[in-house]
Amino acid sequence: MEMQACPHGPLSGEARPPGDKSISHRALMLAALAVGESRIEGLLEGEDVMATARALGALGVELVRRGPGAWTVHGVGVSGLAEPEEVLDLGNAGTGARLLMGILAGHPFTSFLSGDASLRRRPMARVAEPLRAMGAEILARSGCRLPLAITGTNRLVPIVWRSPVASAQVKSAILLCGLHAPGETTVIEPLPSRDHTERMLAGMGAELRTAPAEGGGVAVTVVGQPELVPQSFTVPADPSSAAFPAVAAAARAGSRIRLAGVGLNPSRTGAYTTLAEMGARIAILDRHREGGEEVGTLEVEGGELAAVDVPAERAPAMIDEYPILFVAAALARGRSRFRGLAELRVKESDRLAAMAEGLRACGVRCGIEGDDLWVEGDGGPPAGGARIDARLDHRIAMSFLVLGGLAREGVRVEGAETIATSFPGFAELMNGLGARIATLAPGGAG
Ligand code: S3P
């Protein structure tokens with residue numbers, strides 16, 4: 001499906017971005033491991049999360065949709081899943097695949113996992129190695145990629161694992177596996193990544209602790225074999241999704257929008273720190289706690305943006321927002337530098353290459369130096385006018401549609417259906433604020 005974004009004027013109005021993708025995956029999986037009925041409100045009903053829901057269904061969990069975003073999950077208890085009769089297809093969802101592997105490692109049966117062409121390219125060794133060390137057998141394609149087979153065990157060995165990358169997916173997979181092991185399982189990461197798994201598990205009665213690790217990094221420990229208490233989960237709006245309208249408004253003078261109910265967990269808000277450093281006017285209203293997470297309303301006003309230098313240490317707190325922040329940098333005056341972006345190469349696409357190529361096609365000066373990207377803007381709108389391939393990557397698609405709205409000439413995005421993985425209703429939400437995004441008829445000129 002091809003979409004086109006035409007240049008728009010100032011944005012205005014209020015919207016609620018869809019539910020948080022990370023929290024939605026976890027809410028379903030953790031509810032499945034609790035004993036009894038959990039209720040979830042505000043679940044993201046994007047394709048990624050629905051793939052997780054289907055996989056859990058195939059593993060014997062009863063999930064009932066009561067209404068939009070409202071789900072009831074009848075949990076089977078830690079280690080209570082049943083052998084699936086079919087291949088578990090996680091679609092585009094790295095979080096779904098990796099976290100589920102952690103859970104399946106603790107079940108004494110064999111499961112087969114696959115996904116779309118993007119997920120089948122992504123590295124799984126970062127999760128497979130610790131799970132093997134705990135006792136699971138994993139047979140995967142070359143480069144440890146999907147499809148793979150995982151045979152779990154009810155005789156897991158708890159471990160202390162030092163992960164070379166700060167990755168919440170790796171950390172969560174190990175912690176979820178640790179739930180099934182006797183004793184304490186610890187994962188050490190170089191920098192703290194998003195901590196939704198820890199917060200939710202603690203809320204369900206599991207014992208966890210986080211502390212600085214000897215030799216550097218952060219250690220998170222879970223005590224295995226808890227009985228998880230079912231919960232009512234309220235999923236906040238996704239700060240990663242909110243970043244698209246936020247940048248669109250911040251970069252267009254005269255804009256004033258409000259984005260309601262957005263999750264403000266400090267392990268997720270690096271993009272907003274960066275936008276503030278760029279001079280974006282973003283206020284947080286009505287800040288409060290909801291179900292163990294901070295949420296608030298973002299009020300964004302448009303104005304001039306300045307170049308920024310983003311340190312590598314901030315990467316885990318804004319890992320999914322780099323593509324749209326590169327767009328912000330293209331609208332800013334001066335040369336921005338984003339440091340330490342190696343992980344962007346192994347996301348739904350190679351986001352470093354995809355963004356650099358796409359930005360150049362839109363007339364933006366930028367370059368990759370090692371693991372850094374610099375982007376240069378003159379404070380005015382970039383040329384635009386390009387046709388971008390989304391590469392099965394929702395965030396590439398949305399970033400260039402935002403750029404198209406801010407450029408001199410619109411931008412077309414081929415493969416825009418991938419947006420439904422994380423942000424169903426993206427075009428409608430953006431257009432409700434004053435953007436001009438349209439789906440083009442197949443083969444048509446639009
Ligand atoms: C996620 C963690 C991040 C992020 C992904 C969702 C999660 O990946 O890019 O979109 O829900 O744990 P890594 O932890 O691998 O960096």
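In this predicted model, the side chain of D320 places an N or O atom 2.6 Å from an oxygen atom of the ligand. The protein covers 96% of the 390 Å² of accessible area that the ligand has on its own. Backbone atoms take part as well: a polar backbone atom of A168 lies 2.7 Å from a ligand oxygen, and for Q169 a backbone N or O atom is found 3.0 Å from an oxygen of the ligand.

Turning to the strands, an open, mixed sheet is built from four of them in the order β6-β7-β9-β8. Its edges are taken by β6 (88–89) and β8 (137–141); each has a single partner strand, so one side of each remains without a neighbour in the sheet. Within the sheet, β7 (residues 110–114) and β9 (residues 145–151) run antiparallel and are joined by four bridges. Here L113 sits opposite L148 of β9.

L352 is itself one of the buried residues of the helix, together with R351, A354, M355, A356, G358 and L359. Just beyond α10, G363 adopts a positive phi of about 85 degrees.

Conventions
Residues numbered from 1 in each chain as written. Predicted model: local features only at pLDDT ≥ 70, side-chain atom pairs only at ≥ 80, totals over all residues. Heavy atoms only, no water. Pairing = 2+ DSSP bridges. Helix = DSSP H or I, 4+ residues; strand = E, 2+ residues; numbered from the N terminus. Buried < 20%, exposed > 50% of the residue type's maximum accessible area, 1.4 Å probe, protein only. Polar contact = N/O pair within 3.5 Å; in protein donor to acceptor, adjacent residues only side chain to side chain. Areas by Shrake-Rupley, 256 points an atom, 1.4 Å probe, with all protein chains shown as cover.
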